[in-house]
Amino acid sequence: SALGLVKLPMVIEAYDISHFQGSQTAASQVTFVNGLPKKSKYRRYSIRTVEGVDDFASLSEVVSRRVRRFKEEGDALPDLFLIDGGKGQLAAAVDTLRNCGLADYPVASLAKRLEEIFIPGNSEPLVLSKRSPALRLLQRLRDEAHRFALGYHRHKRSRQLLTTPLDGIVGLGEKRKDKLLTAYGSAEAVFALSKDQLTAAGIPPAVIKAIHQKSMEVKHD
């Protein structure tokens, strides 16, 4: 009733974009069914087509991919799309849905600063009572989408920070790499090891040669 929807939104999907200084942009989709989280329906997205900070374009990509999955796999669409953000984010979602052949599909956005709700066709935001059950439900969805996106973003960042110059050396799998890093502390220390030391550590001759070759490349860089 508050959003002027034709039917009760039993299934709501909320979307959020998360990034850090323009890198490692990620998005989340969380799903509530009958007002409760349905975690088997949660999805995470790595942004593929957008460079730098552009939440509108990132949101457009994610919504397009979601609708494409619906068309290709028959994965039912929600009764309501909820977007984390204000007028700009709502406009991006509306335009994307329209371009996907879903003009006038139920969608709304929730801006965090003043907890204003934006819906298509209304120039002014909808402000519900802080005690409104409808607002509280939308807040829970928005906050859960933010938490889920942030968790994925942190995961991607941590993987990026864990990369070392030892990555990509042919024959040096994760177990051998972890063993060397645990024993010697850093990639630089491993590169400084002699052939005999690496042999004693259980590294095959071909891999030792590859490590020394990578060491020379790193020094030249």
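Q: Where is E115 found?
A: In this predicted model, E115 is found in the loop between β6 and β7, the latter being residues 116-118.

Q: Is E115 buried or exposed there?
A: E115 counts as buried, because its relative accessibility is 18% and the cut-off for buried is under 20%.

Q: What about its backbone, what is phi of E115 near?
A: Phi of E115 is near 55 degrees, which is a positive value in a residue other than glycine. Most residues other than glycine have a negative phi.

Q: And D104, what is its phi near, and which loop is it in?
A: Phi of D104 is near 70 degrees, again a positive value in a residue other than glycine, and D104 is found in the loop between α2 and β6.

Q: Is D104 buried or exposed?
A: D104 counts as exposed, because its relative accessibility is 79% and exposed means over 50%.

Q: Let's step back, how many helices and strands are there?
A: The secondary structure comes to seven helices and seven strands, and along the sequence these follow the pattern β-β-β-β-α-β-α-β-β-α-α-α-α-α.

Q: What does the overall size look like?
A: Along its principal axes, the C-alpha trace spans about 75 × 35 × 30 Å. The protein has a radius of gyration of 24 Å, whereas a compact globule of 221 residues would have one near 17 Å.

Q: How much of the protein counts as buried?
A: Of the 221 residues, 40% count as buried, while the protein as a whole exposes about 12800 Å², with carbon and sulfur atoms supplying 53% of that area.

Q: Which residues have the most contacts inside the largest nonpolar core?
A: Those are L59, V62, L97 and V107, in a core that has 23 residues. The elements giving two or more residues to this core are β1 (11-20), α1 (55-73), β5 (80-84), α2 (87-99) and β6 (107-111), and the largest share, five residues, comes from α2.

Q: What does L97 touch?
A: Leaving out residues up to four places away in sequence, L97 touches V63, V67, F81, L102, A103, Y105 and V107.

Q: Which residues does the second core include?
A: The second core, which is separate and has 18 residues, includes V30, Y42, L80 and L82. As a general background, nonpolar side chains in soluble globular proteins tend to be buried together.

Q: Switching to S58, what does it touch, and where is its place?
A: The place of S58 is in helix α1, and, not counting residues up to four places away in sequence, S58 touches I17, T25, I47 and V50. S58 counts as buried, because its relative accessibility is 1%.

Q: How about K39, where is it found?
A: K39 is found in the loop between β3 (36-37) and β4 (43-46), and K39 counts as exposed, because its relative accessibility is 58%.

Q: How many Å apart are K39 and K219?
A: From C-alpha to C-alpha, K39 and K219 are 47 Å apart in space, and along the sequence they are 180 residues apart.

Q: Where is the place of D178?
A: D178 has its place in helix α4, which covers residues 174-184, and D178 is partly exposed, with a relative accessible area of 41%. The C-alpha atoms of D178 and L166 are separated by 9.9 Å, and these two residues are 12 residues apart along the chain.

Q: One last thing, how many positive and negative side chains are there?
A: The protein has 34 positive and 25 negative side chains, and the centres of these two sets lie 5 Å apart.

Methods: Residues numbered from 1 in each chain as written. Predicted model: local features only at pLDDT ≥ 70, side-chain atom pairs only at ≥ 80, totals over all residues. Heavy atoms only, no water. Core = buried A, V, L, I, M, F, W, Y, C linked by side-chain atoms within 4.5 Å. Buried < 20%, exposed > 50% of the residue type's maximum accessible area, 1.4 Å probe, protein only. Helix = DSSP H or I, 4+ residues; strand = E, 2+ residues; numbered from the N terminus. Contact = heavy atoms within 4.5 Å. Rg over C-alpha atoms; globule rule 2.2 N^0.38 Å. Areas by Shrake-Rupley, 256 points an atom, 1.4 Å probe, with all protein chains shown as cover. Lys, Arg positive; Asp, Glu negative; His and termini not counted. Charge placed at Lys NZ, Arg CZ, Asp CG, Glu CD.
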